[in-house]
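Please open the structure in your viewer and keep the selection tool at hand.

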Amino acid sequence: MLRKWQLNNCTQDKLLILRPEPGATATAKRAEKIGWQVIKTPLATAMSIPWSINETLSFDAVMVTSAQAIYHGGSELDKLKDYPLYVVGKATETAARRAGFQHIVTAEGNGASVLCCLERDKRMRILRLCGEIYKDYDYKKFSRKENSQFFIKILYRMQNIASLPIEACQALVENAIVLLHSSRFAEQFRLLLAKTDINPDRVQIAVISPAVAEQIGKEWRAMAIAEYPDDTSLLKAAASLK
């Protein structure tokens, strides 16, 4: 049976953060420093998967679209630190530098932006480090080139939660603004919300990119899109909804 949530007019500046750890805590600290009250409800937990590098594998660059691949890469990452690393966003770049990578090319946006950088730099054989569920991008521009190839290595899996916790639902009925950092978790939030009696048209959301906005749809009370795909811009977008 659905619990009946009574929406109220609470005016506290609350944010509901849904991204997995350790990103959730990093975002929460940034938000709290500028006066937000934060509720963290990671929609999934990342779990490492054993993996290894085939010593005979030949590639000239490494591609990472999520910092989770760095967090869960383990000692095998040491074998890759001399290769150029192509990543999405400052958070992934920061994680990679802390892990010891020096030659990093950072693309803003999403994996498609990284592909453009790879093409620009004429990288032909790419090792992609990712999670068990990953987005397929358009590799055709590479596959039609002689000797070009992508190699996929799975480093982690995400264990999703089955329902929104009471704390998250309470935050929503108190008009907390939801932060959405990725298309995947935007869709998961939409599905989990449908299991409650809280209508989307009573929920305000701030999303990190136009791609996430497209994924989540237009059924919300209000939506703000970050100017750049980082926490600073996302928090500014959330503030515009107050």
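**Before selecting**

This is a predicted model, in which local features need pLDDT of at least 70 and side-chain atom pairs count only at pLDDT 80 or more, while totals for chains, interfaces and linings use all residues. Residues are numbered from 1 along each chain as its sequence is written, and side-chain values use heavy atoms, with hydrogens and water left out.

**Stop 1: confidence**

Colour the chain by pLDDT, the predictor's confidence in each residue, from 0 to 100. The chain averages 89, and 90% of the residues score at least 70. Select helix α5 (residues 140-143), where confidence is lowest, at a mean of 52. Then select strand β9 (residues 177-180), where confidence is highest, at 98. Helices (H or I, at least four residues) and strands (E, at least two) are DSSP runs, numbered from the N terminus.

**Stop 2: the parallel sheet**

Which order do the strands of the 5-strand sheet follow? The order is β2-β1-β9-β10-β11, in an open sheet with parallel pairing. Two strands pair if DSSP finds at least two bridges between them. At the edges are β2 and β11 (222-225), each of which pairs on one side only. Neighbouring strands of this sheet are turned by 25° against each other on average, direction ignored; the axes are lines fitted to C-alpha atoms, for helices over the stretch in contact, and angles run from 0 to 180 degrees between N-to-C directions.

Now select β1 (residues 14-17) and β2 (residues 37-40), which run parallel and are joined by 4 bridges. Within this pair, L16 stands opposite I39 in β2, and I17 stands opposite K40 in β2. Strands of a sheet pair through backbone hydrogen bonds, either parallel or antiparallel.

A crossover is right-handed if, with the strands pointing away from the viewer, the path from the first strand over the helix to the second runs clockwise.

**Stop 3: the mixed sheet**

Next, select the 6 strands of the open sheet ordered β3-β8-β7-β4-β5-β6, in which the pairing is mixed. Because β3 (44-48) and β6 (104-107) stand at the edges with a single partner strand each, one side of each has no neighbour in the sheet. The twist here averages 25° from one strand to the next.

L85 has I104 in β6 as its bridge partner, and V87 stands opposite T106 in β6. Together with α3, β5 and β6 make another β-α-β unit, which is right-handed.

**Stop 4: two backbone details**

Most residues other than glycine have a negative phi, and most peptide bonds are trans. Select E21 and P22: the peptide bond from E21 to P22 is cis, with omega near 5°. P22 lies in the loop between β1 and α1. Then select K122, which is not a glycine and yet has a positive phi of about 60°. K122 belongs to the loop between α4 (111-120) and β7.

**Stop 5: the largest pocket**

What is the volume of the largest pocket? The volume is about 1600 Å³. Among the 49 lining residues, those closest to the pocket centre are T65, S66, A67, H181 and S182. On a 1 Å grid over the protein atoms alone, a cavity is a set of points where a 1.4 Å probe fits but cannot get out, and a pocket is an open set with protein on both sides within 12 Å along at least five of seven lines; lining residues have an atom within 4 Å of a point. Grid points are joined across faces, edges and corners, and a volume is the space filled by probe spheres set on the points.

Select α3 (89-98), which supplies the largest share of this lining, 7 residues.

**Stop 6: the cavity**

Finally, select L18, R19, L179, L180, H181, S182 and F185, which line the largest cavity. Its volume is about 30 Å³.
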